[in-house]
Amino acid sequence: MPDASGAAPTTFSALGLLPELLRAVADQGYTEPTPIQAKAVPPILQRRDVMGAAQTGTGKTAGFTLPLLQLLAPHANASPSPARHPVRALILTPTRELAAQVEESVRAYGKYLALRTTVVYGGVDITPQLKTLHAGVDILVATPGRLLDHLHQKSVHLSRVEILVLDEADRMLDMGFIPDIKRILNVLPPQRQNLLFSATFPEEVRRLAKELLRSPVTVEVAPRNAPPDLVSHQVYLTALPRKRALLAQLIRSRDMRQVLVFVRMKRDANRLARQLQHDGLAATAIHSDRTQAEREQALADFKEGKAAVLVATDIAARGLDIEQLPFVVNYELPHTPEDYVHRIGRTGRAGLPGEAISLVSPDEMRYLEDIERLLKRKLPRVSAPDSGAQPAAPREHRPHRGRAGEAGHAKTQSAARPAPPGFDFTKPYEPAAASASPAAHPPAPSLRHRQQRPTAALLGGGPAKREPHKP
Ligand code: AMP
C-alpha cells in the first residue's frame, strides 16, 4: 500500500512493525520487504480485509503473518492458563506441507512474542494435537478436514477468532475443501478480519472471496517464479507409449541428478516412480494419498540425493519450498495452463537457470496451445536424444486451435483462459533493486553449471535455514 509519498514502503521498519518483529525478521536475514509484504502489511495492520493475488515464493506468508502477530501482540502472555490462550487467529491451508511451513514461519517471526502457535493436519495421530489444543493456543494453523474433526470432538473452540486467513484458496477449491471451509466459517464469530490469498482466481474462489471479505483491499504481485529469462522450455513431441522410455533416456543422457517430474493423477505418480525404479533409476513419489511419514521420507530422499527423481502431482508439489532445482519435467501437461507456470516455477529460482522439459503426446496438443497462449509465446520443440521422440514440428504460422469441439475456430489470445485482472503470469517477480535490469537473456544454462548446484532445499528445516529471498 502506498505511503504518504505514494511509494510502497521499502524497509521493514517503514512498515511500522514492532521491534520484536523487526528483530525476528533480521534474524531471518531479510533485508527488505518483498512487494507483497510491502503491499499487504499496511492494510492488514489497519484491520482491513485483504484479497491477495500471490503464490508461494513471493514471501506472502510473512506478508500476512507479520501483521497478524502484531495485531495479536497486545494479547501476548506467558500464563499457563488455557483461558488466557483462546484461538484468536486461524490460518487454513490446503495441504499438510503448507500448514507445517506456515506454522514454522509463524514461530520464526513470532519468536520474541509470548504467543502460542500450533498446527493440526490429518494423516497423523490426533492425540498429541488434542493435548496441545487443550493447553490453549493463540494462533492455529490447520488443514480443513482435521480442523473439522477437532470441532466435532469439541477439542477446539473458535468463538474468539479475530483474524481468519485462507491461504492458497485456489488449491482449497481444487481439493474440494470449499464445503469444509463454509462449515468452518459458520462457527466463527461474524466480527472478524478476513485475509484470502490465492495464486489464481477461478470463479468459485471469486465467489468465496465475495461472500467472505468486507470491502477488501486487493494486493497483487506477479509470481516470483517462472522468470522467462531464467527457465528454458523444451517440448518433446512423442507418442504416449514412448514417454517412459524417453524420460529414462533424458534423465540418463542429460545426467539429471535432481529432477521433479509432474504427472496429473496420484496413481500415475506411484506407477511411474515404480517403473523408473524398474529402469534402474532412483525414483520416489509424493502425492496426497501417501502417509505423512511416506511423504517426508520421499522428500528427505530427494533432498539428500538418494532419489534423483521425485514424481509428484500438482497438489503435492504445491506446498514444497524447493530452491535451486535444475530440472522440471512435465511427464503430462497440466490441464490448467496456470499450473504449468506453477510447475516450472520450481526451477529457475534464486537467480539460477533451470530447464522445463515437457513430454507432449498428440492428445495433449490442445493443452500445449493453452499454455502457449497464456505465456504469449511458442515453446521450442526439440528432438529426442537418439530419437524415441518425434523431432520438432515447425508450427510457427499455424493459428491456434481451440479445445476439442472448437476446431476450425482460430482463437485469439484473449480467448485463452484469462489470468486474474492485472495479474500477468508472464512477468517475473522482481525485487526493487533488480527490477531495473531485465537485460539480455542469459546464455543457455550449461550442464556443468547445473551439476555443481547444491541440493534442492525441500522443507529443509525452518525458515531460519532457508535461503534469503532472491529474485
Ligand atoms: P513464501 O512465498 O511465503 O512461501 O516465501 C518464500 C520464501 O521467501 C521463504 O523461504 C521465505 O523465508 C522467504 N522470504 C520471505 N520474505 C522474505 C524477505 N523479505 N526477504 C527475503 N526472503 C524472504
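I looked at the crossing of helix 2 and helix 3 and found that helix 2 passes helix 3 right-handed; that means the near helix is turned clockwise from the far one by less than a right angle. I am working with a predicted model, where local features need pLDDT of at least 70, side-chain atom pairs count only at pLDDT 80 or more, and totals for chains, interfaces and linings use all residues. Residues are numbered from 1 along each chain as its sequence is written.

Helices (H or I, at least four residues) and strands (E, at least two) are DSSP runs, numbered from the N terminus. The axes of helix 2 (residues 35–45) and helix 3 (residues 60–72) come within 8 Å and cross at roughly 25 degrees. Axes are lines fitted to C-alpha atoms, for helices over the stretch in contact, and angles run from 0 to 180 degrees between N-to-C directions. So I call helix 2 and helix 3 roughly parallel (angles under 35 degrees).

Next I checked who touches whom, with contact meaning C-beta atoms, placed from the backbone, within 7 Å. Ile36, Ala40 and Ile44 are among the helix 2 residues there, and Phe64 and Leu68 are among those of helix 3.

I found an open sheet of seven strands in the order 3-4-2-5-6-1-7, with parallel pairing (pairing takes at least two DSSP bridges between two strands). Strand 3 (117–120) and strand 7 (217–220) are at the edges with a single partner strand each, so one side of each has no neighbour in the sheet.

Technical notes
Angles under 35 degrees count as roughly parallel, over 145 as roughly antiparallel, 65 to 115 as roughly perpendicular and the rest as oblique.
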